Every structure is written in C-alpha cells, then in structure tokens.
Amino acid sequence: MRAILYISTLIFTMLWVNLSAFSQEGKIVGTVKDAESGQPIPFVNISIKDSPGGTASDLDGKFSMSVTPGLKTLIFSAINYDKTSKIVEVKAGATVQVNITLLQTAKQLDVMVVSSSKYETKQQELTSSVEVIKPTLIENKNVTSIDKAIEQTPGVAIIDNEPQIRGGSGFSSGLGSRVMVLVDDIPMMRGDAGRPVWGFIPIENVEQIEVLKGASSVLYGSSALNGAINVRTAYAKEKPITKVTLMSGVYSRPENADQRDFLYGPTDSIKPYRKKGLPFFSGLSAMHARKVDNFDFVVAGNLFWDESYIGPENRKIVNPPYTPLADYDALISQKNRGKYEKRARVNFSTRIRNKKVEGLMYGLNGNFMYQEEAQTYFWLNDSSGMYNAFPGSLINFKNLMFYLDPFLIYNSKSGDKHSLRGRYFRSDGKTDRQQNTQSDLYYVDYQYQRLFKKLNFNLITGLTAIYTNSRGEIFIGTPDGSNKSHQLNASLYTQIEKKFFKRLTIQGGARFEYFEINGEYSGKPVFRAGTNLMITEGTYMRASIGQGYRFPSIGERYIITSVGGFGFYPNPDLKPETSWTTEIGFKQMFRIKNFVGFVDLVGFYQKFDNFVEFYAGLWGDPPPPPNQFDIGQRLGFKFVNTGKARVYGAEITVAGTGKIAKNVELQVLAGYTYSKPQSLSRDKVVGSYISNPNTGAEYELTYNNSTAGDTSKGLLKYRIEHLAKFDAEIVLGSFTSKAGRIFNGLSIGGSIRYYSGMRNIDQFFVDYDNPGGFGTGIVNYSKQNNGRFTSNALIFDARIGYELRKHFRFGIIMNNILNKAYTLRPMTPEAPRATSLQVVYKI
C-alpha cells in the first residue's frame with residue numbers, strides 16, 4: 001500500500017497547469033468546418049504569416065488567439081485538407097469573428113495512428129510496424145468479436161483465443177500473454193490470468209484497431225513483450241448517429257460423413273445431447289451517439305448466442321486415460337451440451353467539455369457483461385470425434401465482469417496536454433468444476449505531453465500503477481496455499497521525438513517497471529529507439545530497437561487444477577522474461593490514377609532470456625503405494641523458464657484504396673509473414689520429476705527430450721512459420737437506369753488465409769497417444785498432414801452487401817467456403833463453413 005500511496009502522490013504532484021496569461025490588444029475567434037459535411041475539424045493549425053506562434057482548433061473546431069492590431073494573414077492547415085489563408089483586420093480592444101471551411105485534398109492513404117507514439121502520427125512516418133483495421137471491414141465481415149477482426153491482420157494469428165504476433169507466442173491455455181490488448185490506451189486484460197476477454201470488448205463502437213508489432217513494453221508495460229493491440233472507440237460526432245445490426249447464421253455439417261454426428265452424438269452417449277439440427281449463431285447490437293451542447297455520449301449494447309460447432313462429451317473411446325471405466329462418468333460435465341456462448345453487454349462513454357475552462361474535458365466510460373459459455377480444450381479423436389469434446393475437458397462458465405473508466409484531459413493554449421485516466425475492472429467467474437475465480441483490478445495513469453512546434457520536438461512522460469486482488473479456487477499454488485493473491489505493477493515512462501528538416505524523425509523512450517506479487521519484488525528499466533527517414537516523397541525507411549520485460553501473471557505461477565484427466569501445476573519460482581527486438585522497414589507509397597496504397601517490407605529479429613513456455617510432463621507427486629506407478633495422476637502442464645530463444649523473419653504488407661473505374665472502388669489488404677522461432681537452450685534442464693517412485697530417480701526435462709517433431713533446428717513448439725492474408729472488396733456506387741435508381745450501392749468482397757502446419761508439440765501427446773493412454777489420434781493426424789501436427793490450411797471467405805436507400809444495408813457472409821476441416825492449435829478444430837445474414841439500419 002505504501003507503493004500505491006507513493007505513486008498517487010507523484011501523480012497529483014505532477015498534475016500542474018500553467019495559469020499565467022498576458023494581455024493583448026486584439027482577439028480573433030472562430031470555427032473551422034469541413035466544406036462538404038459541415039462537421040467541425042479539430043486540431044487545425046492556425047498561424048499568422050511572417051509571425052511566430054499560433055494556435056490549433058479544439059475538438060469542436062473552435063479557436064481563439066490574441067494578436068497585435070493591424071492586417072493579419074491567417075493560414076489554416078490540417079492533414080487531408082487543402083491549406084487556406086484569409087486576411088483580416090484586427091483593431092485594438094476588438095474581437096474579430098472568423099468562420100472558415102476547408103476542402104479535403106485528393107484522396108490519400110494518410111492513416112492516422114496513435115498507439116505507436118501516444119499521439120497522432122501518419123502511418124508512413126512511424127518508426128515501427130503498425131497495422132490499422134477500419135470499422136468498415138469489421139462490419140462487412142460480420143465480425144462477432146474483436147479477435148475475429150484482428151485475425152485479418154497480416155502477421156497476426158489468434159490461436160485458441162491467444163494472440164500471436166510474428167510467432168512470438170505459443171500455446172499457454174489462456175494464461176499470460178505477450179501481446180497487450182487495450183481499449184482506448186487502457187489495458188483490457190484480466191488481472192489474475194493476464195489475458196484478454198474478446199467478447200467483452202465493445203465491437204459495436206470501434207473507430208479503428210491499431211496493431212503494434214514488436215516489443216512495446218516501453219509504451220504499454222509488461223504484457224507488450226511482442227506487441228500491442230489497441231481498440232480505439234468512437235466519440236459522438238456533430239450529427240447524431242443510431243445504428244442497429246441484426247445477424248443470424250448456421251454452421252454447416254462437416255464434409256466427412258463420419259464426423260456429422262457431432263450435433264447429437266453416438267447412440268452410446270451417457271448424457272442428453274442438444275436437439276438435432278444445424279448449430280446456429282445470432283446476435284443483435286445497437287449504438288446511439290449524440291452531442292448535447294457540451295456533453296457527448298455514446299450508449300451501445302450487444303446480445304449474442306452461439307451454439308458453436310463443438311459437440312458434447314461422449315464415451316466413444318476404448319479406454320479413458322488411466323481412469324477406471326466405473327469412474328468415467330464423473331469426468332462428464334453435468335451440463336453436457338458442448339461448446340457454446342451466450343452474452344449480454346452494455347457499454348457507454350461520456351465526455352463533458354468544460355465551458356469555463358477552455359481545453360478541459362472529463363467523463364466516465366463503462367462496460368458491463370454477463371456471459372455463459374462452455375469451453376473445451378481437446379477433441380475426442382482425429383476422425384469421428386474431431387468435433388466432440390474430450391471427456392473431462394468441457395467446462396461451463398458463468399462470467400460477470402464490468403469496468404468503469406473515469407478520465408480528465410486538459411489541453412492548454414501553450415501546447416501542454418495533461419491526462420489522468422483510471423479504471424476499476426471486476427471479473428467474477430464461476431464454473432461447474434470448482435474453478436471459480438474473482439479479481440479486482442485498479443488502474444491509474446497520469447500522462448503529460450508537450451509539443452514544441454518551433455523545435456519540432458515532442459515530449460511524453462507519465463506514471464502508471466496497476467494493483468490486482470485475486471481470489472480463486474484454481475490459484476492456490478501459493479507458498480502458503482492461500483487462494484488469495486495480490487500484485488502491484490508501478491512504472492515511470494518517458495518518450496521524446498524530434499523531427500529534422502521535415503524528413504527525419506528520431507524517437508527514444510525509457511520505462512522503469514516495478515513488480516510486487518505476494519511479497520516478492522522485482523524491477524527493471526527498458527529502453528527503445530527508432531528513426532524514420534523520408535527518402536523521397538512517398539518513400540520511407542525506418543529502423544527501431546526496443547527492450548521488453550514481462551512478469552508472469554498470477555495464473556501462470558499459482559494455477560492448480562485438472563482438465564480432461566490431466567493437471568495444471570504451479571511454479572511459484574517462475575521468473576520474469578526479458579527480450580530485445582529490432583526491425584528494419586521500407587515503405588513505398590504509390591498512386592495509380594485514383595487508387596492509392598503502399599507496399600511495406602520489414603525484417604525483424606527478437607531475442608528472449610528466461611523464456612516462459614508451457615511444458616507437459618509428469619509434474620505431479622507419485623501417489624502412495626500400491627498406485628505409485630499410476631502416471632494418470634501425474635500428467636499435466638507447468639509454466640517453466642526455458643532459457644534463451646529467438647524469433648526472426650520477414651514480412652510484406654500491401655494495402656490500397658480508391659476508385660478503379662467510374663462508380664467502382666477497390667479496397668485491398670494483404671500480407672505474408674515468415675517467422676523462425678527457435679530455442680537457443682535446447683539442453684537446458686527446465687525442470688525435473690520423479691521417474692521411478694521406488695528408487696526416487698529423477699527425469700530431467702529439456703527441449704530436446706520433451707519436443708515431438710523436428711528438433712534439429714530448435715523450432716519452438718506450437719508455432720506457425722508461414723502466415724499469409726489477403727482481403728479485397730469492390731464497392732459499386734449508385735447506378736441509375738431508365739426506370740430510375742436500381743440500387744444505392746453493392747459491395748462484393750472476399751479473403752484468403754493461409755496457415756502453415758505446426759511442426760513441433762509436446763512429446764507427451766505423442767508418447768501417450770494409444771488405446772491405454774490419452775488416445776487423441778494426434779499421431780495419425782500428423783501422418784496424414786506430412787508430419788505436421790496442425791493443418792496446412794488455405795481458407796476462403798466471401799461476402800456480398802447491398803445498401804438500400806442509405807439507411808439499410810443487407811449482407812450475406814460465408815466463412816470457410818470449402819468447408820475445410822482444419823486446426824490451428826493441435827487437437828482443436830476450427831469452425832466448418834459458417835453462413836450468416838446481416839441487416840444494418842443506420843440513421
């Protein structure tokens with residue numbers, strides 16, 4: 001608690017405002033608006049010709065500046081708008097009203113990004129790799145949760161709900177993450193498990209999603225070891241907006257006839273199955289945004305019901321793993337309906353622009369969700385049971401979670417920006433397998449920014465504190481056996497950026513991270529630096545290097561539970577992992593008539609120390625005689641430090657948008673990523689367990705003797721080496737026939753995704769894949785896939801949309817058109833063909 005008080009004192013001590021002012025002889029006030037839409041334009045630079053200084057418009061497009069009397073030439077400039085000037089005469093003691101409109105420039109691909117530098121910067125001028133997903137792609141693909149939208153990003157794969165960027169992460173069963181997920185710059189990770197909850201993120205009100213690749217710990221803290229995903233929500237615009245989306249769809253039956261009983265199971269089932277028929281999914285979302293005087297608000301909600309494509313547990317298995325058949329029924333879930341999800345979510349955001357203090361804003365954002373779901377971790381087998389849950393691996397959850405985010409932002413006339421943000425995040429999860437958890441997370445961040453316009457120099461500095469209280473039936477692996485844990489993460493960070501000659505940007509930053517978990521302390525500084533050079537107009541080169549530091553989550557250290565007949569074991573001695581990463585990139589902008597885009601090439605290298613991996617083995621203590629050799633009571637997973645590792649590779653991204661013919665617009669996003677994740681400590685002993693209970697002999701576990709597949713080059717387990725994405729959409733504008741207008745707009749789109757198969761997994765799954773063991777069929781599946789433990793998957797999606805009279809939009813979306821049975825994580829199938837109908841109403 002002393003650390004919290006200390007951080008809080010520093011935060012409020014640094015929250016100062018320059019109140020000095022000086023008198024002037026005349027004043028210019030006014031508003032800047034878009035010439036076409038009439039919307040106010042924020043952050044317009046307003047200067048006086050041949051005079052120093054200037055100002056900028058606020059969020060409402062308003063500006064005010066004091067000047068000496070005389071004729072003045074005002075210059076208005078903003079990104080994506082033509083520069084405009086206006087001559088006015090200012091008299092002593094008088095106020096001149098100047099209202100002006102700006103015309104948008106010819107269409108450019110100037111995507112503005114905040115995540116990489118904490119303030120708005122053009123994507124091509126960044127010092128690191130950032131991909132941006134716009135809300136049109138989210139809506140047109142009928143995405144039901146944020147992870148499905150992120151899946152379209154080049155270099156990113158969502159595997160079993162875990163985000164992987166450029167092969168930096170593997171399988172960890174939902175505990176810990178090397179990718180920080182944020183909503184409006186605030187971490188959206190469960191305090192105890194250290195992982196995102198995708199369905200909790202408000203997808204119905206997204207401004208854009210920014211995916212930052214590479215070590216981002218300097219900017220966002222511990223979990224951003226491999227990158228960060230920042231979901232930016234939208235505030236109300238000048239005109240009110242109401243949008244309602246209704247969708248419904250079904251999963252097709254698998255192509256393999258032997259797998260089609262997954263809906264209702266074989267005749268020897270011992271539990272009732274859900275009714276016959278294709279499993280469906282449906283959802284309803286609504287959003288309303290409005291400005292009322294100086295008060296902005298957004299209210300949104302979402303209902304979602306997914307029967308899923310994973311059927312119930314059944315007893316179509318010769319011999320459960322080391323479990324007497326008489327005890328087998330106890331493994332079957334009492335609510336045995338297979339995997340599913342039901343959720344209801346309501347969120348809001350508010351913003352008040354203070355009338356008395358110019359530049360002062362404050363508000364409260366919130367999000368509430370109730371969710372019921374069932375998760376399963378492994379299939380029954382690789383043939384007829386691919387779409388059925390392995391006995392004991394199906395867990396039913398009831399989750400209640402919410403957060404409240406108060407904030408205060410002050411932008412002074414002198415260019416100072418102060419922001420104070422907070423969050424209280426409550427997560428309460430109940431299960432049918434004595435795995436209940438509760439966590440309370442408290443977050444506070446103070447940040448100061450200053451842009452020195454004359455020097456082209458930007459300064460950012462701040463303080464962050466995150467405190468977590470956790471209570472969980474599965475987190476009892478603490479040294480004292482308590483189910484309660486607490487964790488404090490406090491950090492001080494700063495970043496500077498300087499531009500030279502309007503072509504060269506140099507950026508540097510540092511962060512000191514302090515951790516305390518259940519009385520154990522740790523701390524470390526991390527640094528980053530980067531540069532971006534505009535070689536010619538539209539040609540950019542960049543280079544960056546950064547350090548990362550990740551402290552293990554409460555779940556990684558203290559988990560104790562059992563799923564599907566095998567256990568999860570604690571490691572309270574698990575140490576923090578560190579890394580450094582570097583990349584060199586080249587971005588070329590191009591224009592073909594009215595179509596603009598870019599090609600981006602990058603090479604990357606990341607090296608880890610004390611690398612944390614999820615290892616399978618006989619971690620449990622031998623049971624007492626005469627069952628001391630019953631390894632079924634010892635099989636399981638544990639997080640361990642594996643020594644040194646590295647990931648290197650290359651990536652190419654192509655994106656473009658614009659008109660290719662009259663009334664025809666094309667949008668393209670494509671990319672290919674090659675990554676080589678390798679262990680550099682293949683002979684390091686990462687743990688040991690008793691192999692002979694009678695003699696006490698121990699077996700020492702290393703990478704070489706615990707990895708199934710090709711270990712000759714040290715390839716890390718559960719990694720995808722080749723990843724390719726392509727998405728394109730053609731939008732046809734309004735056409736008029738002799739009988740009148742036929743339609744307002746038609747869009748046709750499609751995507752292609754390629755995932756190379758995983759070559760290495762835990763040796764445990766191969767050794768015990770037999771009738772008397774785990775019996776999943778993974779060995780046979782690997783033989784059928786050329787030695788890969790997951791599929792070499794090429795997946796095709798398609799969509800078509802039709803806009804009717806501007807307010808209605810209808811869409812038909814089909815994912816996995818060829819109905820391919822494939823896996824991205826061993827023994828976990830992905831969805832078969834999913835076909836859905838979407839209706840969007842917007843006013």
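Salt bridges first: this structure holds 40 of them. Keep in mind that you're looking at a predicted model. The protein has 843 residues, and 57% of them count as buried. Below, we go through some of the charged pairs, then the nonpolar cores, then the overall build.

**Charged pairs**

- Side chains of opposite charge can pair when their charged atoms come close.
- Take Arg511 and Glu513: they form a salt bridge whose closest N and O atoms sit 2.8 Å apart. Both of these residues are buried.
- Arg557 pairs up with Glu520, and here the closest N and O atoms are 3.0 Å apart.
- Are Arg557 and Glu520 buried or partly exposed? Arg557 counts as buried because its relative accessibility is 1%, under the 20% cut-off. Glu520 is partly exposed, with a relative accessible area of 37%.
- Arg542 and Asp600 also meet through their side chains, in a salt bridge of 2.7 Å from N to O. Arg542 sits in strand β31 (residues 539–550) and Asp600 in strand β35 (residues 595–609), so the pair links parts that are 58 residues apart in sequence.
- Arg542 is buried at 7% relative accessible area, and Asp600 counts as buried at 4%.
- Arg542 and Asp600 are also part of a network of salt bridges, whose other members are Glu131, Arg166, Lys213, Glu583, Lys587 and Glu651.

- In soluble globular proteins, nonpolar side chains tend to be buried together.
- Here, the largest nonpolar core has 69 residues, and Phe378, Phe637 and Phe765 are the ones that touch the most other members. Strand β36 (residues 612–618) supplies the largest share of this core, with five residues.
- Apart from that core lies another one, made of 43 residues, including Leu137, Leu182, Phe200 and Leu219.
- What does Phe378 touch, leaving out residues up to four places away in sequence? Its contacts include Phe566, Phe765, Phe774 and Met827, and also Asn388, Ser393 and Arg825.

**Overall build**

- How many helices and strands are there? The protein has eight helices and 52 strands.
- Among contacts with a separation of 6 or more, 68% are between residues 24 or more positions apart.
- The accessible surface comes to about 34800 Å², and carbon and sulfur atoms account for 57% of that area.

Notes. Residues are numbered from 1 along each chain as its sequence is written. This is a predicted model: local features need pLDDT of at least 70, side-chain atom pairs count only at pLDDT 80 or more; totals for chains, interfaces and linings use all residues. Side-chain values use heavy atoms; hydrogens and water are left out. A nonpolar core is a set of buried Ala, Val, Leu, Ile, Met, Phe, Trp, Tyr and Cys residues joined through side-chain atoms within 4.5 Å. Buried means under 20% relative accessible area, exposed over 50%, partly exposed in between (1.4 Å probe, protein chains only). Helices (H or I, at least four residues) and strands (E, at least two) are DSSP runs, numbered from the N terminus. Contact means heavy atoms within 4.5 Å. Accessible areas come from the Shrake-Rupley method with a 1.4 Å probe; for residues, only the protein chains shown count as cover. A salt bridge is a side-chain nitrogen of Lys or Arg within 4 Å of a carboxyl oxygen of Asp or Glu.
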